[in-house]
Amino acid sequence: MHVRKAAVLALVLSALSLPALIPPATAASVPKALQPSHPSQALDAADARIESLIARMTPQEKAGQLSLYGPADINTPNNPQAGWRNGQQETEDVRNGRLTGLFNNAGLEGKRRLQQVAVRESRLGIPLIFGADVIHGFRTIFPMPLAEASSWEPALAERTARAAAVEATADGFRWTFAPMVDIARDARWGRGLEGVGEDPYLARQFAAARVRGFQGSNLANADSMLATPKHFAAYGAAEGGLDYNTSEISERTLREVYLPPFRAALDAGALSVMSAFNEIGGVPSTANPALLTGVLRDEWKFKGFVVSDYTADEELIEHGHAANSREAAKLAFMAGTDVSMQSGLYIRHLPDLVASGEVPMARLDEAVRRVLRVKLKLGLFDDPMRGLDGQPADQRVENPDFIALARESARRSIVMLKNEGQLLPLAKTGPQKIALIGPFAEGTKDLMGSWSLFPGQSAPVGIDEGLHAALGIEASRLTVTRGANVESPLPGGIETAVAAARDADVVVLAIGESQKMSGESRSRSDIGLPQAQQDLAEAVAATGKPVVVLLSNGRAMALKGAVRNARTILVTWFLGVQTGHAIADVVFGDANPSGRLPVSFPQTAGQVPYYYAHKRTGRPSPESAPGTAFKTRYLDATNEALYPFGFGIGYAPVRYDQVELSSDRLAIGKTLRVRATVTNTGTREAEEVVQLYLAQRAASVTRPVRELKNFRKVRIAPGASEVVEFTVGDDDLQFLGRDMKPVIEPGEIDLWVAPSAAGGIQKRFVLTRE
């Protein structure tokens, strides 16, 4: 990497009245949470085993247990930080105890060989741990996490994470760098598709579910993977939506919005955490002791270990936080980053830093202790070859249950935004001719999304293949043409597409982003469709034929023109291996679209970052009077979402009839019961996500206009009503006071039971001290 020398420990947060975020790290003072257990405390057998190892380890071997690398003999020209290493060096490093494990090293043979070297040929026989970016499946690729969040079914995410763990552990991986739990409120940021969207409450539910899914009932089980919530912290708040950028946020926003999903993941049992690339207030997260020690260790009592993101410790130099690699290693390690990923800084510098007294041996021992404890919990000491003695992934029989789960999760991730005139579902039989048009209409490219890394993956099903299969003997009613490439015109493409549209009764327009347009280092300043596709959409719409838009995307998009005005819009995200079948299930009505947006779709790109839980201003603009001057408003648009958080419709209309509160007054410490009646007024079954929002009208610290506090996903038979019940208690009403401590304050509370973050039935109650 390009190195820029600077030696400064920025104390910017003190200017923001946030001294708690930047206590200086010094070798002379080790935080209490980093001190070893008192020697007089009784050790159980596991602790004794670990302490015996630590007592026999050299400083270099200890640093080796804190050093993690990608596979050797892989050179990545477009990633200069990759630090190419050869296989012979890798084997010698294992033999000499210079690394704790490897990640993303595909295949069983290499893992078996290296694990045998570690346990049979290294001095202490400490087993390696093999990690991987198992983000949304291993062999069976499920929908991207943001898509799956659209299901509003954490239990579904737990099931897909469990399936991914079963497949990945069969290939020797026992550690995943997931789930990503970053809140993402700026659609320009490409990594939002790896998370759950804009809302902390929804993110907490999915964070905990995915940890439970990956780790299973017991980490020692052969099919359990260590989960790693990431990126700690506020990586999703990058300025301008630009990946790796600074996150300039207040401590209040950090604690109220960005930290809660991490706490939920740790409470669910996660024992590793990945630090973030970004800085907050002048201190990069990988070297921020207030985050990595203050919050994680002192406040939350986290007992696992922290791993850096890819070369993030080395990047402290380029941040201007460390003068050189030695100082970078010291700052990251003393802040609380236990394991260095890929840079090699710890093995290079920690032994000397300990010898010089700049890093206490107690700190080094505690980091090693954390890593060894997790390896022990994973059963690696008892059976280091577990998961390494089977067949490679590409030789194993495909699991039909996982394929069925992929189809289920994909169709439940689809969100229908509009369906004018009940254009969908289309009939499987009859004379209706269908033109499937667009760059995603045929083939299997761009269906999986990012982080589909490993060999032996199940064959994806294209949209054309799925529709053909659903139509069966009537597949001749379907014509398929691309019309345009994703980002460029196709010679003669629009003409061919227009001819196909004119000859059809309905157009299914498969458009959107390629999978390379979202993901890590894939921020976009324009979150609309590429012009080539917009031109295609306009030309097809000009034929006057009804259009169903299938929007393939990894973020909320700004829709315009013919796409925005299409009669039907389905957000299909990146759905994974069963894309075509899942879309066909919804398009032909075999499945009711039940997804709801986990992010707000803005009217224009100029509104981002956009999120529903914003604050009021002293001059809020009434959207019913857009001409009002001197208000919080745009000159050329309202500041409402085009499609709000939580929004989505199905094939049956649903009516919210009434909301009843058990009382119009609630004493602190007591519980309020909320009952809502939801009626299916259609002729098909409905699935509705009934959402509960609260807002305190006046408080010592201003509160958002509304916040999601609970939800229920219910099935309602045609013509039937369902009574949905919620409770409201102290956990729903507390917030951080001026001193950053939880408080509950009396006052008027607005409550909504709603189908989205906009609208719904509103009630009000008074919160009292008695």
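**A covered helix, a helix pair and aromatic contacts**

Helix α21 (residues 579-587) is mostly covered, with nine of its nine residues buried (buried means under 20% relative accessible area, exposed over 50%, partly exposed in between, with a 1.4 Å probe and protein chains only). This is a predicted model, in which local features need pLDDT of at least 70 and side-chain atom pairs count only at pLDDT 80 or more, while totals for chains, interfaces and linings use all residues. Residues are numbered from 1 along each chain as its sequence is written, and side-chain values use heavy atoms, with hydrogens and water left out.

The buried residues of α21 are T579, G580, H581, A582, I583, A584, D585, V586 and V587. Helices (H or I, at least four residues) and strands (E, at least two) are DSSP runs, numbered from the N terminus. Just after α21, G589 has a positive phi of about 85°.

Next, a helix pair. Two packed helices are described by the angle between their axes and the distance between the axes. The axes of α8 (residues 200-215) and α10 (residues 260-267) come within 8 Å and cross at roughly 25°. Axes are lines fitted to C-alpha atoms, for helices over the stretch in contact, and angles run from 0 to 180 degrees between N-to-C directions. The two helices are therefore roughly parallel to each other (angles under 35 degrees; over 145 is roughly antiparallel, 65 to 115 roughly perpendicular, the rest oblique). On the α8 side, P200, A203, R204, A207, A208 and V211 make the contact; on the α10 side, P260, P261, A264 and A265 do. Contact means heavy atoms within 4.5 Å.

Now the aromatic rings. The model has 19 aromatic pairs, counted for rings of Phe, Tyr and Trp (its six-membered ring) with centres within 6.5 Å; planes under 30 degrees apart are stacked, over 60 edge-to-face and the rest tilted. F103 and Y310 form an edge-to-face pair, 6.1 Å centre to centre with 90° between the planes. The pair links distant parts of the chain, 207 residues apart: F103 lies in strand β2 (residues 101-103), Y310 in the loop between β8 (305-307) and α12 (316-319). F103 is buried at 5% relative accessibility. Y310 is partly exposed at 21%.

W175 and F177 also pair edge-to-face, at 5.0 Å centre to centre and 70° between the planes. W175 is buried at 1% relative accessible area, and F177 is buried at 1%. Elsewhere, W152, Y201, Y612, F645, Y693 and F711 form one aromatic cluster.
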